[in-house]
Amino acid sequence: MTQGAQAPGEPGENAWRKLGAEAGLCAACRHAKLNETRKGTAYLRCTRAAWDPRLPRYPRLPVSDCPGFDPVVTLPRSQGQGSPGGNTNSR
Ligand code: SF4
C-alpha cells in the first residue's frame with residue numbers, strides 16, 4: 001500500500017501512523033507533505049495551499065472532500081526498470 005506523496009529520504013509509513021488521525025484524501029494526494037519532528041510527532045502540510053487560497057496550509061484530518069485533490073500517479077515497475085531476463089509473460 002502506498003500513502004502520500006513521498007520522496008526517498010522523507011518520513012516513511014511510520015510517520016503516517018503518528019499523525020493521530022487518518023489523512024483521508026491527503027494520503028493519496030501529490031500535494032501532501034508529511035513532516036516529522038525530532039520529538040517524534042508528525043504533521044501534514046498541504047503544499048498546494050501556498051498558491052491556492054481555497055486550501056488550508058495544515059488541513060484538518062481526515063480530509064474527505066478537497067477541491068485541490070490531485071492523486072499521486074505511480075508508474076508500473078515493468079516499464080524501463082524490469083528485472084533481469086525481461087518479461088516472460090508474452091505468449
Ligand atoms: S490538496 Fe487537498 S487533498 Fe491534497 S494535500 Fe492539500 S488538502 Fe490534502
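**Briefing: fold, core and ligand shell**

Of the 91 residues of the protein, 16% count as buried. The model described here is a predicted one. The protein holds one helix and two strands, and these follow the pattern α-β-β when read along the sequence. Among contacts between residues at least 6 apart in sequence, 48% join residues at least 24 apart.

**Nonpolar core**

- The largest nonpolar core has 10 residues, namely Ala15, Trp16, Cys26, Ala27, Cys29, Ala32, Leu34, Leu44, Cys46 and Val63.
- Two or more residues of this core are given by each of helix 1 (13-17), strand 1 (32-36) and strand 2 (42-46).
- Val63, a member of the core, touches Ala23, Gly24, Leu25 and Cys26 when residues up to four places away in sequence are not counted.

**Leu34 in strand 1**

- Leu34 lies in strand 1 and belongs to the largest nonpolar core.
- Leu34 counts as buried because 23 other C-beta atoms lie within 10 Å, where the cut-off for a buried residue is 20 or more.
- Leu34 and Arg45 are 11 residues apart in sequence, while their C-alpha atoms are 6.3 Å apart in space.

**Surroundings of the ligand**

- There are 13 residues around the ligand, and those that come nearest are Cys26, Cys29, Cys46, Cys66 and Gly68.
- By residue class, the shell around the ligand divides into 10 nonpolar residues, two polar residues and one charged residue.
- Cys26, Cys29 and Cys46, which are among the residues that come nearest to the ligand, are also listed in the largest nonpolar core.

Definitions and conventions:
Residues are numbered from 1 along each chain as its sequence is written. This is a predicted model: local features need pLDDT of at least 70, side-chain atom pairs count only at pLDDT 80 or more; totals for chains, interfaces and linings use all residues. A residue is near a molecule or strand if its C-beta atom, placed from the backbone, lies within 6 Å of it. Ala, Val, Leu, Ile, Met, Phe, Trp, Tyr, Cys and Pro count as nonpolar, Asp, Glu, Lys and Arg as charged, and the others, Gly among them, as polar. A nonpolar core is a set of buried Ala, Val, Leu, Ile, Met, Phe, Trp, Tyr and Cys residues joined through C-beta atoms within 7 Å. A residue is buried if 20 or more other C-beta atoms lie within 10 Å of its own, exposed if 12 or fewer, and partly exposed in between; C-beta atoms are placed from the backbone. Helices (H or I, at least four residues) and strands (E, at least two) are DSSP runs, numbered from the N terminus. Two residues are in contact if their C-beta atoms, placed from the backbone, lie within 7 Å.
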